[in-house]
Amino acid sequence: MTDLFNGLQGKTIGFIGGGNMARAIIDGLLKANQEHQLGLNLGVSDPNKDSCQAFAEKGVKACQPQDAHQIIEEADVVVLAVKPQVMREVCASVIPHLSNQLVLSIAAGLSVETLSDMLGGYTNIVRCMPNLPASVGLGASGLYAKSVSDDNRQLADAIMQASGVTAWVDDEQLLHAVTAVAGSAPAYFFYVLENMIARAVQMGLSKQDAHTLAVQSLSGAGAMAMNANPATLREQVTSKGGTTAAALDSLYADQVGEAFAKAMQACSDRSVELGEILSQS
């Protein structure tokens, strides 16, 4: 077993809400549990009976919301994975069953202070901003905690690293930047891929070939950039006067870099705005 997952050994983790992100994190934990023999116990509460059945078939204890107290009381970690708009109501039902569990929230926009208020002053909270590639084990999550123990920080980190990579921020406001560079970022790349594939088809390639080549190029570039400077890699693949240089000159002329910066700022600004709205609801 790697040191990373030591802290998960024998833990019971309960999810309140079984949507897409919860499923992604649970799948990551199930995989880690199998590979490292962690002895994890996972539970989930969700109003959708079909979802509960699907979780149960994976070996996850599943129940309807009216029975969620069973999962909460047994848990070492309670993961709040419901929509921010219903979080206050959900927290009210959770409060009577909290003792010393770590609460890990993956709800966008809700600050630790707001969550603490919703939980009646409870402070053992870690806030997480994950992204959708967690569903294929390639997630990127930002985490923040104000007043939790080192052990609980490591526990939250291990939970999220089971489905990707993590980065901790010391200032909660930086989670808005995490949203811009990770949380919402997959959509930027999907947008680029959509347009690349469409243009390749117009140039004569089949849609399947265009899709395969574009997606593989993105995946390969991401793998190369994982441990290298993207600017250095760009220079390495750009021959003076060549085809790549022509493409980049066009991108520079259209100020695509500035457009991406503007888009990320818009994302961050909206994250701030939503957080303010939700804290007042």
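Q: Which relative accessible areas count as partly exposed?
A: The model is predicted. A residue is buried when its relative accessible area is under 20%. A residue is exposed when that area is over 50%.

Q: Is Q255 buried, partly exposed or exposed?
A: Q255 sits in the loop between α11 (243-253) and α12 (256-280). Its relative accessible area is 47%. That value lies between the cut-offs of 20% and 50%, so Q255 is partly exposed.

Q: Is Q37 buried or exposed?
A: Q37 lies in the loop between α1 and β2. Its phi is positive, near 50°, and it is not a glycine. Its relative accessibility is 60%. The cut-off for exposed is over 50%, so Q37 counts as exposed.

Q: Is T12 buried or exposed?
A: T12 belongs to strand β1, residues 12-16. Beyond its neighbours within four places in sequence, T12 contacts N41, E74, A75, D76 and V77. Its relative accessible area is 17%. Buried means under 20%, so T12 is buried.

Q: Which domain does the UniProt annotation place over residues 12-109?
A: Over residues 12-109 the chain is 42% helix and 21% strand. The end C-alpha atoms of this stretch are 26 Å apart. The UniProt entry, which is unreviewed, names the domain "Pyrroline-5-carboxylate reductase catalytic N-terminal".

Q: Which element supplies the largest share of the largest nonpolar core?
A: This core has 35 residues, and L8, I13, F15, L29, L104 and I159 touch the most other members. Several elements each supply at least two residues, among them β1, α1 (20-36) and α6 (150-161). The largest share is seven residues, and it comes from α1.

Q: How many residues does the second, separate core have?
A: L8 belongs to the largest core, and its contacts beyond four places in sequence include I13, L29 and I159. The second core is separate, with members including V78, L98, L110 and I125. Its count of residues is 28.

Q: How are α7 and α8 arranged, roughly parallel or roughly antiparallel?
A: Helix α7 (residues 175-183) and helix α8 (residues 185-202) pack at an angle of about 30°, with axes 5 Å apart. Angles under 35 degrees count as roughly parallel, so α7 and α8 are roughly parallel.

Q: How many nonpolar residues does the contact of α7 with α8 have?
A: T179, A180, V181, A182 and G183 of α7 meet A185, P186 and Y188 of α8. No charged residues take part, and two are polar. The nonpolar residues number six.

Technical notes:
Residues are numbered from 1 along each chain as its sequence is written. This is a predicted model: local features need pLDDT of at least 70, side-chain atom pairs count only at pLDDT 80 or more; totals for chains, interfaces and linings use all residues. Side-chain values use heavy atoms; hydrogens and water are left out. Helices (H or I, at least four residues) and strands (E, at least two) are DSSP runs, numbered from the N terminus. Buried means under 20% relative accessible area, exposed over 50%, partly exposed in between (1.4 Å probe, protein chains only). Contact means heavy atoms within 4.5 Å. UniProt positions are given in the numbering used here, feature names are shortened, and annotations may be inferred rather than shown by experiment. Axes are lines fitted to C-alpha atoms, for helices over the stretch in contact, and angles run from 0 to 180 degrees between N-to-C directions. Angles under 35 degrees count as roughly parallel, over 145 as roughly antiparallel, 65 to 115 as roughly perpendicular and the rest as oblique. Ala, Val, Leu, Ile, Met, Phe, Trp, Tyr, Cys and Pro count as nonpolar, Asp, Glu, Lys and Arg as charged, and the others, Gly among them, as polar. A nonpolar core is a set of buried Ala, Val, Leu, Ile, Met, Phe, Trp, Tyr and Cys residues joined through side-chain atoms within 4.5 Å.
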